[in-house]
Amino acid sequence: MLGLFIAQVLNGLLDGTYYLLIALGLSLIFSLGGIINLAHGAFFAIGAYLAILITPHVGFFGALVLVPLIVAGMGMVTERTLFTRFYRIDPLYSLLLTFGLAMVIEQGLRWIFGASPQNFNMPDILRGQVFFGDFIYSRYRLFLIAVAIAAVAGLWVLLNRTSFGRIVRAGVQNPEIVGSLGISLRPYLSIIAGIAIGLAGLAGVLLAPIYTVHPAMGAEIITLAFVVVVIGGLGSFWGVILAAILVGLTKGVFVAVGLSSWSTAAIYLLMFVVLLVRPRGLLGERILRFE
């Protein structure tokens, strides 16, 4: 009984890991560029469909590397052709733009692949269970959590241990000072958009073997990813991580105690309570939008 409870809690944390991959990208794009990217979930779906297309040619692990790079390239092109026009105006316009982009991508996927759900088989090497005494858990789910942790750790190193990251963090906090030093944030905006959207593509590859792939899968996940961003606080790397863990634990515990129908409502209640106590989120700070 205890093993089943722990497994359900871990499944909740698993949900928190892929919310985290998407939420970190959402937070980065908004914090640096002021863009509310409602199309982020659509790129998640693109990642899943590209995994289905590419895996027969390069294998699952090849797709795990190539697909995020391809989706990141799409993100950089999107930033250069669309986002760059909306940095200096009301974020509401970027919200409308990315909502339309999400609809275009979803309908494009439906036109190319059809509306029927598609299945994607995980590699044989990751099938089966891992035993820890009496506790049993999926080998692939443990692999997914490990890859997500590695990706987040790599992003932290990039943002906190490199000159690129120092400029990005300065641009998030005070873009005017960065500009006064003669540093243009535009190249950094493009790279950040690529990294952020590439993370969504990575989540799509990782989730494809355990969730049904369909054109609207991005719309299903984007709302909860935004909830994670709101709870954690815009501009806070660790706030988003903490929020993803809390959301995952909340969902997992409610499922484990037999209240699975209430698990999603509990997440929104958590957001409501956090915003009542701290409107900027758990670790949110004041953000000056890029001009």
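Start by selecting R110, which is partly exposed, with 28% relative accessible area (buried means under 20%, exposed over 50%, partly exposed in between, with a 1.4 Å probe and protein chains only). Keep in mind that this is a predicted model, where local features need pLDDT of at least 70 and side-chain atom pairs count only at pLDDT 80 or more, while totals for chains, interfaces and linings use all residues. Residues are numbered from 1 along each chain as its sequence is written, and side-chain values use heavy atoms, with hydrogens and water left out.

R110 and E106 form a salt bridge, with their closest N and O atoms 3.4 Å apart (that's a side-chain nitrogen of Lys or Arg within 4 Å of a carboxyl oxygen of Asp or Glu). Both sit in helix α3 (residues 91-113), and because they are 4 residues apart, about one helical turn separates them. Helices here are DSSP runs (H or I, at least four residues), numbered from the N terminus, and strands are E runs of at least two.

How many salt bridges does a search of the whole structure find? The search turns up 4. For another one, select D15 and K251: their closest N and O atoms are 3.0 Å apart. D15 lies in helix α1 (residues 2-33) and K251 in helix α9 (residues 237-256), so this pair ties together parts that are 236 residues apart in sequence. Are these two buried or exposed? D15 is buried at 8% relative accessibility, and K251 is buried too, at 18%.

Next stop: D124 and R127. This pair also makes a salt bridge, with 3.0 Å between the closest N and O atoms. D124 is exposed at 63%, whereas R127 is partly exposed at 38%.

Click on A146 in helix α4 (residues 139-160); A146 is partly exposed, at 42%. From there, jump to V273: the two C-alpha atoms are 30 Å apart, and the residues are 127 apart along the chain.

Finally, go to P279, in the segment after α10 (263-277). P279 is exposed, with 65% relative accessible area. Draw a line from P279 to N11 and you'll span 29 Å, C-alpha to C-alpha, between residues 268 apart in sequence.
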